[in-house]
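I'm opening my notebook and going through this model one piece at a time. Here is what I looked up, in the order that made sense to me.

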Amino acid sequence: MACSRPPSQCDPTSLPPGPPAGRWPLPLSRRRKEMSNNKEQRSAVFVVLFALVTILILYSSSSANEVFHYGSLGGRSRRPVNLKKWSYASAYVPLLGNKTLPSRCHQCVIVTSSSHLLGTKLGSEIERAECTIRMNDAPTTGYSADVGNKTTFRVVAHSSVFRVLRRPQEFVNRTPETVFIFWGPPSKMQKPQGSLVRVIQRMGMAFPHLEAYAVSPDRMQQFDELFRGETGKDREKSHSWLSTGWFTMGLAVELCDHVHVYGMVPPDYCSSQRPRLQRMPYHYYEPKGPDECVTYIQNEHSRKGNHHRFITEKRVFSAWAQLYGITFSHPSWT
């Protein structure tokens, strides 16, 4: 039968190949649907890849910004704050009666909670100090040969109040001459329900000799500003919590003419450049507790949530050592 169409269309070799044997072409509607599905799949893959790249970029940026690079401030020209000139008369509010914080001490020692003190037999040396400062719920019972027993001041964080007060035989009666200094944000210390100040005051009714003070809100703000001035970083924006060591060191510089710190490691102690050291518990009284360097490094470099910046704080203390004549031993910082 003759073909009435143009020759090019009648030549079998010029026609598009037909479907394989046994298969028929898909209906037009189905083909359009499959093309639409393929396009949607490609779009979904593109969106996922774009999201992953964006997250990677943000994570890298966050990592670079959040890790503290205190050394970049080493050449700062500003004049550091002189803690010796801070007035502490109204900075520490009495919680029991109308007492005032004791006058200055000529020579003070800070006994840290570090396991570096175990086996040192420093107890008798620490006992001879004019004023001895301890932190939180670090006990002396069972450890006095290494850390002594005398406690002139005990600086306690809001998070440690209950751990201290629930053991009065260890912390209140064992050293009745101890002056307690509690620190914490006003939202924790004086919140309408369950105020920690009220808890401390009720404890004072059971132990009349208890002497306790709270760091005032103004002084808390001053410590925040001090952190920003020394590190170049805003505490809240950098998701940092000041440690009890930060408040203790500030108090010691204010109250004492000379400060000797036992058991605090230098800022480069946990550096990756150092050879791998044996495991050291973070607290001398918690032998199965977390490792000291692991705790320091995790807190220093964490970007989610709030964390202590232990290594950064110790870099500040290293600068303060030259300004205020602070000495460190076990280990030595020289």
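I began with D234, which counts as partly exposed because its relative accessibility is 25%. For my own reference, buried means under 20% relative accessible area, exposed means over 50%, and partly exposed is in between, with a 1.4 Å probe and protein chains only. D234 forms a salt bridge with R228, and their closest N and O atoms are 3.3 Å apart. The rule here is a side-chain nitrogen of Lys or Arg within 4 Å of a carboxyl oxygen of Asp or Glu. R228 is partly exposed too, at 35% relative accessibility. I also noted that D224, R235 and E236 are joined into one network by salt bridges that share partners.

Before going on, I wrote down how the model works: it is predicted, local features need pLDDT of at least 70, side-chain atom pairs count only at pLDDT 80 or more, and totals for chains, interfaces and linings use all residues. Residues are numbered from 1 along each chain as its sequence is written, and side-chain values use heavy atoms, with hydrogens and water left out.

How many salt bridges does the rule give? The count comes to six.

Next I looked at R104, which forms a salt bridge with D257, with 3.5 Å between the closest N and O atoms. R104 sits in the loop between β1 (92-94) and β2 (105-111), while D257 is in strand β8 (residues 256-262), so this pair ties together parts that are 153 residues apart in sequence. Helices (H or I, at least four residues) and strands (E, at least two) are DSSP runs, numbered from the N terminus. R104 has 33% relative accessibility, so I put it down as partly exposed. D257, at 35%, is partly exposed as well.

Then came R219 and E254, a salt bridge with closest N and O atoms 2.7 Å apart. R219 is in helix α9 and E254 in helix α10 (residues 244-255), so the pair ties together parts 35 residues apart in sequence. Are these two buried or exposed? R219 counts as buried because its relative accessibility is 3%, and E254 counts as buried because its value is 0%.

The axes of α9 (residues 217-231) and α12 (residues 310-324) come within 11 Å and cross at roughly 80 degrees. Axes are lines fitted to C-alpha atoms, for helices over the stretch in contact, and angles run from 0 to 180 degrees between N-to-C directions. The two helices are therefore roughly perpendicular to each other, a label that covers 65 to 115 degrees.

Which residues meet there? L226, E230 and T231 in α9 meet T312, V316 and W320 in α12. Contact means heavy atoms within 4.5 Å. The residues of this contact divide into three nonpolar, two polar and one charged. In this scheme Ala, Val, Leu, Ile, Met, Phe, Trp, Tyr, Cys and Pro are nonpolar, Asp, Glu, Lys and Arg are charged, and the others, Gly among them, are polar.

α9 also lies across β1, β5 and β6 (211-215), running at about 55 degrees to β6.

**The sheet**

Now for the strands. An open sheet of eight strands has the order β1-β6-β5-β4-β3-β2-β8-β10, with mixed pairing. Two strands pair if DSSP finds at least two bridges between them. β1 and β10 (327-329) stand at the edges with a single partner strand each, so one side of each has no neighbour in the sheet. On average, neighbouring strands of this sheet are turned by 25 degrees against each other, direction ignored.

I zoomed in on β5 (residues 179-183), which runs parallel to β4 (residues 153-157) and is joined to it by five bridges. A157 has W183 in β5 as its bridge partner, and R154 stands opposite F180 in β5. Four bridges join β5 to β6, again running parallel, and F182 is partnered with A214 in β6.

How many residues of β5 are buried? Five of its five are. V179, I181 and W183 cover one side and F180 and F182 the other, all of them buried. In a regular strand the side chains alternate between the two faces of the sheet.

**Whole protein**

Last, I took totals: twelve helices and ten strands. Of the 334 residues, 43% count as buried.

Key:
Angles under 35 degrees count as roughly parallel, over 145 as roughly antiparallel, 65 to 115 as roughly perpendicular and the rest as oblique.
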